[in-house]
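Here's a quick walk through a single chain, from its overall layout down to a few side chains. Have a look at the model first, then read on.

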Amino acid sequence: MSKKRELVLGITGAMILPALWAASVSLAVAAPPGKPRAAGAAVTRTGPSGNTATRQSNVATNGQGGYTAGSTVTGPAGNTASRQQSGAYNPATQMYTRSGTTTGPNGNQSSLTTSAQATGNGLDRSATRTGPNGNSVATNGQATYNPATGTASQSRTTTGANGRSASENRTVTVAPVPQTPSN
C-alpha cells in the first residue's frame, strides 16, 4: 500500500486538520493498487511484581486500500479482551469505511462504524459508537479546503444517546510565506 493511502487510512479515524484530509483523500484516489500484506506480533509485558500480560496482534491488507486487524490482550489473571476491525476504500465512490468491535473481559461488546467520503474540495465524515449498554453516539462532520485562500473549514455535530447534540465549527487560514528578495 502506498504511503499516501496509508496516511488516509490512518487519519480518517481521527478528526484532524481538514486541509490534510482533503489533500490526502484526493491523492489516495490516484495511488496504484499495492500488494496484499500481512503482519503479526506478540508482546509480553512483565510488571514489577512479576505479573505478566500478553498481546497478540495481526493485520492484513488486500492491496486495494482495505484491511482487517485484530488483537487479543490477556491479563495477569487470564482475563482476555479483544478488538476486531476492518476498513475498505472504494476508489469509484471515493469513500473509506471502517468498522470494529471490542469485547471486554466480561463479554460486553462495543462497536464503531465510520465512513469518510471525498467531496470536490473536502470531506464528509460520519461515525457511530455504540457502547455495551446499547447507547450510541453519532458524529457527523464536513471539511472543505480552499487552496486559493489557504482556508480550511470544518463543522461537526455530535448527538448523544439522550438525543442532545453539540456542534463545533472551526476555520483555519494559513498565511502565505513571505517572499524575501534574493541577491
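## Layout of the chain

Helices here are DSSP runs of H or I with at least four residues, strands are runs of E with at least two, and both are numbered from the N terminus. On that basis, the chain of this predicted model has 2 helices and 10 strands.

On confidence, the average pLDDT of the chain is 83, and 79% of the residues reach at least 70. The stretch to watch is residues 1-31, where the pLDDT is below 50. That stretch still makes 60 contacts in the model beyond its near neighbours in sequence.

## Burial, surface and contacts

The chain runs to 183 residues, and 26% of them count as buried.

How many salt bridges does the chain have? The count comes to 2. One of them pairs the side chains of E168 and R156, with N to O at 2.6 Å. R156 sits in strand β9 (residues 151-159) and E168 in strand β10 (residues 165-173), so this pair ties together parts that are 12 residues apart in sequence.

E168 also forms a salt bridge with R170, and there the closest N and O atoms are 2.6 Å apart. Through shared partners, then, R156, E168 and R170 end up in one network.

Is R156 buried or exposed? It counts as buried because its relative accessibility is 18%, and the cut-off for buried is under 20%. E168, at a relative accessible area of 32%, is partly exposed. R170 is partly exposed too, with a relative accessible area of 33%.

How values were computed
Residues numbered from 1 in each chain as written. Predicted model: local features only at pLDDT ≥ 70, side-chain atom pairs only at ≥ 80, totals over all residues. Heavy atoms only, no water. pLDDT = per-residue confidence, 0-100. Contact = heavy atoms within 4.5 Å. Salt bridge = Lys/Arg side-chain N within 4 Å of Asp/Glu carboxyl O. Buried < 20%, exposed > 50% of the residue type's maximum accessible area, 1.4 Å probe, protein only.
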